[in-house]
Amino acid sequence: LHRKPLAGRRILITAGPTYEAIDPVRGITNRSSGRQGYAIAREAALRGAAVTLISGPVSLPVPFGVTRISVDSASAMRDEVLKRTSGADAFISVAAVSDWRPEHVSDQKIKKDGKAVTLSLTENPDILSEVGHLSAGRPAVVIGFAAETENIISYASKKLRAKAADLIIANDAAHALGSEDNDAVFVTESGAEPLGPGPKSRVAEAILDRLASLLA
Ligand code: C5P
């Protein structure tokens with residue numbers, strides 16, 4: 001009966017790492033395969049949503065029916081997201097955004113001279129927090145991730161509030177990164193619900209089940 005439960009919905013998703021240039025050949029980045037975000041995009045499209053995937057550099061094919069916009073830096077990712085928030089029913093922030101970027105980007109390749117080099121970093125915008133706090137055009141449902149190495153649930157609850165998200169998917173960084181699997185916990189204002197270990201595709205299904213009920 002409800003073969004396409006997300007038909008007519010517009011979903012904006014970020015995925016992958018960001019890449020912050022130091023000079024034309026070097027940069028800093030985060031560990032992220034993009035697999036979880038791509039799995040969510042694929043599943044959302046299968047369920048009938050119009051999906052725009054703002055992706056950092058990954059080597060994954062575009063899921064069928066998904067519109068991908070490729071970016072490098074966190075600033076570029078932020079700009080592409082904020083252009084599309086009004087009109088989106090949901091924002092799912094899966095990207096492993098670099099928290100910092102080099103303060104100065106050199107136009108030319110920096111040459112080594114036998115001395116130590118100091119890199120000065122400034123903080124990047126927090127895209128999830130900006131979208132969560134939008135006063136106009138905030139998507140009805142805002143979902144984020146929290147990869148933690150300890151105190152998983154309490155850090156995730158803090159993030160839920162700090163970023164004004166409706167749902168945080170918390171997981172153990174050691175387990176999730178680069179892996180096919182995930183061991184996630186849903187954290188909302190009403191508490192924590194462990195999903196149990198499973199493939200990233202299963203986590204994607206659980207997130208979209210929840211999203212459909214939140215939008216209903
Ligand atoms: O604060 P932390 O990086 O652990 O939060 C993770 C969540 O916030 C993820 O959903 C991630 O996509 C999002 N995030 C973001 N912009 C940042 C940092 C994190 O959107 N600069």
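## Ground rules

This is a predicted model, so local features need pLDDT of at least 70 and side-chain atom pairs count only at pLDDT 80 or more, while totals for chains, interfaces and linings use all residues. Residues are numbered from 1 along each chain as its sequence is written.

## The whole chain

The chain has six helices and twelve strands. Both are DSSP runs numbered from the N terminus: helices are H or I with at least four residues, strands are E with at least two.

Along its principal axes, the C-alpha trace spans about 70 × 35 × 35 Å.

## Helix 1 meets helix 6

Helix 1 (residues 35-46) packs against helix 6 (residues 200-215) at an angle of about 50°, with the axes 8 Å apart. Axes are lines fitted to C-alpha atoms over the stretch in contact, and angles run from 0 to 180 degrees between N-to-C directions. The pair is therefore oblique, the label left over once angles under 35 degrees (roughly parallel), over 145 (roughly antiparallel) and 65 to 115 (roughly perpendicular) are taken out.

Among the residues making the contact are Ala39 and Ile40 of helix 1 and Val203 and Leu208 of helix 6; being in contact means C-beta atoms, placed from the backbone, within 7 Å.

## Around the ligand

Which residues are closest to the ligand? They are Ser93, Val97, Ile127, Leu128 and Gly144, out of 15 that surround it (C-beta atom, placed from the backbone, within 6 Å). Strand 9 gives the most to this shell, with three residues.

Note on methods. Contact = placed C-beta atoms within 7 Å.
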